[in-house]
Amino acid sequence: MDSQGGPYLNRRALLSPLGAARLCQLATGCAVIAMVTHSAGYSGSHGVFCMAVWCFCFAMTVLVFFLDATRLYSCLPISWDNLTVTCAAIAALMYVTASVVYPLFFIQSECPYAGCDVRNYRIAVTVCSILGTLAYGAEVALCRARPGQAVVGYMATVSGLLKVVQGFVACVIFGALANGGQYSRYAATIYCVVVYAFCFSLTTMVVVTTVCGRTKSVRCMPFDRFVVVCTLLEVLLYMSASVVWPVYCFDNKYGSPWRPSSCPHGKCPWDSKVVVAVFSLANFLLYMADLIYSQRTCFISSRLSTNSRA
């Protein structure tokens with residue numbers, strides 16, 4: 001018992017739907033890591049990436065579960081609710097990626113030279129990874145703010161969750177640029193890369209500021225207005241990049257609209273340019289949805305506050 005007469009452990013972290021979701025995350029993560037290291041195996045950059053994702057998410061979940069169960073998070077200068085939903089959203093996106101990449105590169109219809117046991121283990125790894133994705137998605141759904149309920153933290157809103165997805169999509173763009181993006185040929189494509197980096201920095205700053213509970217540090221305007229201003233700027237920048245990048249990569253004057261026949265699979269610069277173009281448009285739509293939702297939320301909030309004063 002603590003000094004206030006309560007139990008040392010947080011029962012809600014153990015005996016609640018949220019606690020059950022985190023226990024499922026730990027179980028699936030442990031099963032995936034055990035099967036991969038035992039027999040399924042991993043090799044190459046794609047295998048290392050998947051293993052790093054599973055290990056990182058497992059370690060992060062262990063830390064979150066331990067701090068929540070022991071209430072030690074109260075000693076940290078952070079917004080715990082914002083941190084946990086952010087971690088769950090990031091883990092869900094990373095698990096989705098690993099659940100697609102691992103079977104794509106490691107599962108074959110025929111048994112490999114090592115035998116069918118290895119293939120069966122890899123199928124089991126994929127299934128457990130998908131279950132882990134559902135477990136992290138369940139935590140996000142349980143923590144997400146719903147209409148009519150008190151908002152615990154900004155990251156639990158649709159706008160906050162969109163910030164996580166936007167940052168993740170930007171990381172995919174950076175990965176494609178690093179894999180033969182050939183963006184240094186023209187000043188226009190360099191401008192697009194600067195746009196991606198600047199918008200990613202803005203989004204990361206908003207997320208970190210929210211998680212650290214420093215939303216009052218913006219002195220010239222309220223934090224929600226600051227977020228809307230940043231989102232509008234990001235919409236305009238991504239709109240320009242979504243137009244400029246395809247023109248300078250696929251127009252006949254600057255590049256090729258068709259994939260070169262001699263381009264090797266897996267290391268083709270043209271493929272990387274397509275990935276950048278597609279995800280640039282996807283992030284533009286995400287920022288647009290974020291702007292519309294944020295503006296709608298602020299309008300409804302102002303209407304409610306006006307009616308309450310009346």
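How do the residues of the lining of the largest cavity divide into nonpolar, polar and charged? They divide into 6 nonpolar, 3 polar and 2 charged, where Ala, Val, Leu, Ile, Met, Phe, Trp, Tyr, Cys and Pro count as nonpolar, Asp, Glu, Lys and Arg as charged, and the others, Gly among them, as polar. The model is predicted, with local features needing pLDDT of at least 70 and side-chain atom pairs counting only at pLDDT 80 or more, while totals for chains, interfaces and linings use all residues. Residues are numbered from 1 along each chain as its sequence is written, and side-chain values use heavy atoms, with hydrogens and water left out.

On a 1 Å grid over the protein atoms alone, a cavity is a set of points where a 1.4 Å probe fits but cannot get out, a pocket is an open set with protein on both sides within 12 Å along at least five of seven lines, and lining residues have an atom within 4 Å of a point. The largest cavity has a volume of about 70 Å³, a volume being the space filled by probe spheres set on the points, which are joined across faces, edges and corners. Its lining includes R22, M60, C87 and Y136. At least two lining residues come from each of α2 (17-40), α3 (44-70), α4 (80-106) and α5 (116-143), and α4 supplies the largest share, 4 residues; these helices are DSSP runs (H or I, at least four residues), numbered from the N terminus.

The largest pocket has a volume of about 1400 Å³. Of the 34 residues that line this pocket, F49, T97, C171, V172 and G175 lie nearest its centre. Two or more lining residues come from each of α3, α4, α6 (158-178), α7 (187-211) and α9 (269-309), and α4 gives the most, with 10 residues. By class, the pocket lining has 20 nonpolar, 11 polar and 3 charged residues.

A nonpolar core is a set of buried Ala, Val, Leu, Ile, Met, Phe, Trp, Tyr and Cys residues joined through side-chain atoms within 4.5 Å, where buried means under 20% relative accessible area (1.4 Å probe, protein chains only). The largest such core has 28 residues, and I173, Y196, Y238 and V276 are among those with the most contacts inside it. The elements α6, α7, α8 (223-250) and α9 each supply at least two residues of this core, with the largest share, 8 residues, coming from α8. A second, separate core of 23 residues includes I33, V53, C57 and C87.

Methods
Buried < 20%, exposed > 50% of the residue type's maximum accessible area, 1.4 Å probe, protein only.
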